[in-house]
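Work through the exercises below with the sequence and the model open. Try each task before reading its solution.

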Amino acid sequence: MSELKAMQCEACRADAPKVSDAELPGLMRQIPDWAPIVRDGILQLEREFKFKNFKLAWAFHNKVAELAESEGHHPALLLEWGKLTVTWWSHSIKGLHKNDFICAAKTDNLLNA
Ligand SMILES: C[C@H](O)[C@H](O)[C@H]1CNC2=NC(N)=NC(=O)C2=N1
C-alpha cells in the first residue's frame, strides 16, 4: 500500500465505503500515535499534540486548518493552553473513511514542517 501521507483525499459521499474491520489494523499501524475512539456512537481517530505554550499550539492549529481546507476534509480541533486535540472522522458516513487516515498521517507530517 502506498504511504498514506502521500495520498489525496477523495470526495466522500454518503454512500462511500467505511473502512472495514479487516482494513482497520493495517491502517492503524501507519498512524501509531492515533487512538480509535467512539464518540456519540461514531468511530473516530484522535490524537493530542502537546506544546510548550498556547501560541505554539495555536500555530499548529492553523496548520491543521490549512491542511483541512486543501484536502476538503475537516477535523474537530480543540485548542487549549499547550495542547491541540485533533479528531478526524467522516461526517457524511458517520464513521471512518480512508480520508481520515490520510489526514491523520498528514497531520503527523505537519509536525516536521
Ligand atoms: C461538500 C463538502 O465536500 C463536504 O461537506 C465535506 C466537507 N468536509 C468534510 N469533512 C469531514 N470530516 N467529513 C465530511 O463528510 C466532509 N464533507
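**Exercise 1: Placing a residue**

Val38 sits in strand S1, which covers residues 35-39. The model is a predicted one.

Task: Decide whether Val38 is buried or exposed, and find how far apart Val38 and Pro75 are in sequence and in space.

Solution. Start with the relative accessible area of Val38, which is 62%. The cut-off for exposed is over 50%. Val38 is therefore exposed. Now turn to the pair. Val38 and Pro75 are 37 residues apart in sequence. In space, they are 15 Å apart, C-alpha to C-alpha.

**Exercise 2: Positive phi**

Task: For Asp40 and then Lys94, state phi, the location and the exposure class.

Solution. Take Asp40. Its phi is near 55°, a positive value, and the residue is not glycine. Asp40 belongs to the loop between S1 and strand S2 (42-50). Its relative accessibility is 74%, so Asp40 counts as exposed.

Next, Lys94. Phi is about 50°, again positive in a residue that is not a glycine. The loop holding Lys94 runs between strand S4 (83-88) and helix H3 (98-110). Lys94 has a relative accessible area of 56%, so this residue is exposed.

**Exercise 3: A surface patch**

Task: Which residues form a nonpolar patch on the surface, and what is the exposure class of Phe54?

Solution. The patch is formed by Phe54, Trp58 and Trp81. Together they have about 380 Å² of accessible area. Phe54 is located in helix H2, residues 54-71. Its relative accessible area is 34%.

**Exercise 4: The ligand shell**

Task: Which residues surround the ligand, and how do they divide by class?

Solution. List the shell: Gly72, His73, His74, Trp89, Ser90, His91 and Ser92. Sort by class. One residue is nonpolar, six are polar and none is charged. Trp counts as nonpolar, so Trp89 is the nonpolar member.

**Exercise 5: Polar atoms at the ligand**

Task: What are the distances from ligand atoms to N or O atoms of Gly72, His74 and Ser92, and how much of the ligand's area does the protein bury?

Solution. Begin with the ligand nitrogen atoms. One lies 3.3 Å from a backbone N or O atom of Gly72. A nitrogen atom of the ligand is also 2.8 Å from a side-chain N or O atom of His74. Then take oxygen. A ligand oxygen atom is 2.9 Å from a backbone N or O atom of Ser92. Finish with area. Taken alone, the ligand exposes 390 Å², and the protein buries 56% of that.

Note on methods:
Residues numbered from 1 in each chain as written. Predicted model: local features only at pLDDT ≥ 70, side-chain atom pairs only at ≥ 80, totals over all residues. Heavy atoms only, no water. Near = heavy atom within 4 Å. Polar contact = N/O pair within 3.5 Å; in protein donor to acceptor, adjacent residues only side chain to side chain. Areas by Shrake-Rupley, 256 points an atom, 1.4 Å probe, with all protein chains shown as cover. Patch = residues over 30% accessible without salt bridge, like charges linked within 9 Å, V, L, I, M, F, W, Y side chains within 5 Å. Salt bridge = Lys/Arg side-chain N within 4 Å of Asp/Glu carboxyl O. Helix = DSSP H or I, 4+ residues; strand = E, 2+ residues; numbered from the N terminus. Buried < 20%, exposed > 50% of the residue type's maximum accessible area, 1.4 Å probe, protein only.
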